[in-house]
Amino acid sequence: MLVSPSLLAADFGRIDAEIEMLNRSEADMIHLDVMDGVFVPNISFGFPIIKAVAKRSEKPLDVHFMIANPQNYIGMARDCGATIMNVHQEACVHLDRTVRAIKDAGMKAAVALNPSTPVVMLEDVIGELDMVLLMSVNPGFGGQKFIENTLAKTRRLRRMIDSYGSHAKIEVDGGVNEHTGRLLAAAGVDILVAGSYVFAATEPEDAIRRLKCLGQ
Ligand code: DX5
Ligand code: ZN
């Protein structure tokens, strides 16, 4: 299992220490949540923070753009150090064009789906994708309850990926802890995003290690 801790739940007053902890940990990447107050009803952080994290991080950056018109920010995402650029299907009218532009810019392309968006929306682009991000909460806030339907949705997506011979990985984001993580591992998830479960733990590195062990 790959693990991508979400910095949204970190203490931004001691961000250096939080990133050092992630560098020491078994985390495979760092998940960054960009929110614009338009696509989602919350505002988080933008490019200066991504750049600062990139400078300190020894892990790849998995950047989740919960913003309108993400196609306008592909060059900036790359220049700020994003490794994976996640855009929402619901925010992209020309999704195929956006996915190709992300890859042409040298990043990995991922598409995120809100809980109400069916996986079939990605059927004609799945061959181009490096990753699909299934939201297991409605995006905008950390600390929400896991939506159970994500388990059946993960299984459907796994079947679709296999039937198209796609190499896309499945990432799930929202309400992930040891319990929901175990269910997701059984459903075929490759990457778990976890915010509060990691950063609210007394020993965040152990919490990451526990998620890493799921699915073995
Ligand atoms: C929610 C964000 C998530 C969030 C997850 O909109 O996309 O990445 O940080 O937080 P938890 O793990 O606390 O549900
Ligand atoms: Zn996220």
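The legends below describe close-up views of a predicted model, taken in turn around its zinc ion, its other ligand and several parts of the chain. Residues are numbered from 1 along each chain as its sequence is written, while chains are lettered from A and ligands numbered from 1 in the order in which they are written. Local features need pLDDT of at least 70, side-chain atom pairs count only at pLDDT 80 or more, and totals for chains, interfaces and linings use all residues, with side-chain values resting on heavy atoms and with hydrogens and water left out.

**View 1. The zinc ion (ligand 2) and its protein donors.** The arrangement is octahedral because the 6 donor atoms around the zinc ion subtend angles of 71 to 169°; six donors count as octahedral if opposite donors are over 155 degrees apart and all others between 65 and 115. Along the chain the donors follow the spacing H-x1-D-x30-H-x108-D. Distant parts of the chain are linked by His31 in strand 2 (residues 30-35) and His64 in strand 3 (residues 61-66), which are 33 residues apart; strands (E, at least two residues) and helices (H or I, at least four) are DSSP runs numbered from the N terminus. Both histidines, His31 and His64, are buried, a class that means under 20% relative accessible area, with exposed over 50% and partly exposed in between (1.4 Å probe, protein chains only).

**View 2. The surroundings of ligand 1.** Ligand 1 is surrounded by 20 residues, the closest being Gly140, Asp173, Gly175, Gly195 and Ser196, where a residue is included if one of its heavy atoms lies within 4 Å. Oxygen atoms of ligand 1 lie 2.9 Å from a polar backbone atom of Gly143 and 2.8 Å from a polar backbone atom of Gly175. Of the 380 Å² of accessible area that ligand 1 has on its own, the protein covers 99%, as computed by the Shrake-Rupley method with a 1.4 Å probe.

**View 3. Phe65 in strand 3.** Phe65 is buried, with a relative accessible area of 1%. Apart from neighbours within four places in sequence, Phe65 is in contact with Val34, Phe47, Ile50, Ala77, Met85, Asn86, Val87 and His88.

**View 4. Asp190 in the loop between helix 6 (178-187) and strand 8 (191-194).** Asp190 is partly exposed, with a relative accessible area of 23%. The side chains of Asp190 and Arg158 are joined by a polar contact of 2.9 Å, that is, a pair of N or O atoms within 3.5 Å of which, within protein, one must be able to donate a hydrogen and the other to accept it, residues adjacent in sequence counting only if both atoms are side-chain atoms. Not counting residues up to four places away in sequence, Asp190 touches Met1, Leu2, Arg158, Ala168, Lys169 and Ile170.

Key: Donors = N, O, S within 2.8 Å, 3.2 Å for Na, K, Ca; no water. Tetrahedral: all angles 85-135°; square planar, octahedral: opposite > 155°, others 65-115°. Contact = heavy atoms within 4.5 Å.
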